[in-house]
Amino acid sequence: MLRKGLAMKRILAMLLAAAAPAAAQQPSTAPAAPAAAQLPAAAQPPATPPAARQPNFDNVQIRVERLAPGVAVLFGRGGNIGLSYGVDGNVIIDDQYAPLTDRILAAIRSLDPDPIRFVINTHWHGDHTGGNENVGRTGAVIVAQDNVRRRMSMEQVVRGEHVAPSPAGALPVVTFSEGVTFHLNADDIRVIHVAHAHTDGDALVFWTHANVLHMGDTFFNGLLPFIDLDSGGSIDGAIAAVEAGLALANDATVIIPGHGPIGRRADLVRYRDMLVDLRDRVRQGIAAHRTLEQIKALRLADRYGPPDGFISPDALIETIYRSLRAPAH
Ligand SMILES: [Zn+2]
């Protein structure tokens, strides 16, 4: 995680340098611009962009929102954390960043003083698994899809940036291929793998009694999505994952996105429609032998998100184009 953090700081330094050279806090006299220029033209932020905007965790506060009896969400920095609490102990879905672990555990204690029994990772990205080692050290069992452990065990490349392997103590110790169910706290919590979506190790988590659904990063609520093709993600899988979520949800379902505020089924429908619209239009462009630049010039994604969001419309179009040209399946 330390080396991961350093890699993120490097990316951040480059992004800062690109935005305002004077703000780059590199003691080096080397000009910042060449480093930024090494980024691909359509570079989008790394897997953890919300955090990368502000590397200092000092001012991060963990905010708890109760969603149903025994179910809450924690917002801090990084992926939204789901929590099941009650007579059988605490289960968390993702754990943000290592420097936040103490604050996350304190926030959980405000609801339930018991230790964490299980951590379920929705996928391998560092803004969702960064606290694994710390929480694992408290006795929690880390659970994730097979590909989460596989990718965390090896060096990864996200948008051209190398991410070091995670330490052994951060790795999931229980893995599954298709799914697993937790029977505790008066609920049956289903963990369901969705293939080649945001990555190749995504899982949805569904409280069948409380009717709460954690989508992980297969749902960015109010933000343009990041689909990590280098980690086995794909546009078709991303759409299929949302369809799987829609099949579980009804109008009363409370939906936790990987990033953004709590949503409802109607929000997920709009998100699905956006992905389908963009996928179909980019596919039509490819069928018409348009180049990526020509398809970008159509400004297809502009109406779905701001140009300066953490995933730009151009970056999203390029991702969809690349995914359709080289499917992950
Ligand atoms: Zn992610």
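The crossing of helices α8 and α9 is left-handed. In this predicted model, the axes of α8 (residues 235–248) and α9 (residues 265–287) come within 10 Å and cross at roughly 155°. Since angles over 145 degrees count as roughly antiparallel, the two helices are therefore roughly antiparallel to each other. On the α8 side the contact is formed by I235, A238, I239, V242, E243, G245 and L246, and on the α9 side by R265, L268, V269, Y271, R272, L275, V276 and R279. Sorted by class, this contact comprises ten nonpolar, one polar and four charged residues.

An open sheet of seven strands runs in the order β1-β2-β3-β4-β5-β6-β9, with mixed pairing. Strands β1 and β9 stand at the edges with a single partner strand each, so one side of each is left without a neighbour in the sheet. Neighbouring strands are turned by 20° against each other on average, direction ignored. Strands β3 and β4 pair in the antiparallel sense over three bridges, and L83 has I92 in β4 as its bridge partner. Helix α7 (residues 146–153) packs on the sheet, where it touches β6 and β9; the direction of α7 makes about 105° with that of β6.

| β1 | residues 63–68 |

I120 counts as buried because 27 C-beta neighbours lie inside 10 Å. Leaving aside residues up to four places away in sequence, I120 touches V91, I93, V143, A144, V191 and V205. I120 and A203 are 83 residues apart in sequence, with a C-alpha to C-alpha distance of 9.0 Å.

Notes. Residues numbered from 1 in each chain as written. Predicted model: local features only at pLDDT ≥ 70, side-chain atom pairs only at ≥ 80, totals over all residues. Axes fitted to C-alpha atoms, helices over the stretch in contact; angles between N-to-C directions. Helix = DSSP H or I, 4+ residues; strand = E, 2+ residues; numbered from the N terminus. Parallel < 35°, antiparallel > 145°, perpendicular 65-115°, else oblique. Left-handed = near helix turned anticlockwise from the far one by under 90°. Contact = placed C-beta atoms within 7 Å. Nonpolar A, V, L, I, M, F, W, Y, C, P; charged D, E, K, R; others polar. Buried ≥ 20, exposed ≤ 12 C-beta atoms within 10 Å, placed from the backbone. Pairing = 2+ DSSP bridges.
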